[in-house]
Amino acid sequence: MEILVLSGVLALAVGGCVCVVWAERGGPRWVRVVAAVTRTAGELLSRSGRSRSSSGSDD
């Protein structure tokens with residue numbers, strides 16, 4: 001069951017990356033929306049990763 005969930009997450013990530021590339025080349029509107037969501041999710045994950053690594057560095 002976990003493999004199925006991880007496969008789904010991987011498929012969503014790859015699909016989002018494809019949409020980002022397609023949107024840069026002038027894809028349809030729905031592709032630009034998916035690309036914007038993908039970029040926003042990446043930024044949020046990046047920021048949360050930075051805040052966790054900086055708060056846990058005082059070992």
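Visitor: What should I know before we start?
Guide: This is a predicted model, where local features need pLDDT of at least 70, side-chain atom pairs count only at pLDDT 80 or more, and totals for chains, interfaces and linings use all residues. Residues are numbered from 1 along each chain as its sequence is written, and side-chain values use heavy atoms, with hydrogens and water left out.

Visitor: OK, which residues make up the largest nonpolar core?
Guide: Five residues: Cys-19, Val-20, Ala-23, Val-31 and Ala-35. A core here is a set of buried Ala, Val, Leu, Ile, Met, Phe, Trp, Tyr and Cys residues joined through side-chain atoms within 4.5 Å. Buried is under 20% relative accessible area, exposed over 50%, partly exposed in between (1.4 Å probe, protein chains only).

Visitor: And which elements give two or more residues to this core?
Guide: Helix H1 (2-24) and helix H2 (29-55), with H1 giving the most, three residues. Helices are DSSP runs (H or I, at least four residues), numbered from the N terminus.

Visitor: What is Cys-19 in contact with, leaving aside neighbours within four places in sequence?
Guide: Trp-30, Val-31, Val-34 and Ala-35; contact means heavy atoms within 4.5 Å.

Visitor: Switching topic: how many aromatic pairs in the whole structure?
Guide: One. The rings of Trp-22 and Trp-30 have centres 5.7 Å apart and planes at 90 degrees, so they are edge-to-face. Rings (six-membered for Trp) pair with centres within 6.5 Å; planes under 30 degrees apart are stacked, over 60 edge-to-face, the rest tilted.

Visitor: Is Trp-30 buried or exposed?
Guide: Exposed, at 51% relative accessibility, while Trp-22 is partly exposed at 39%.
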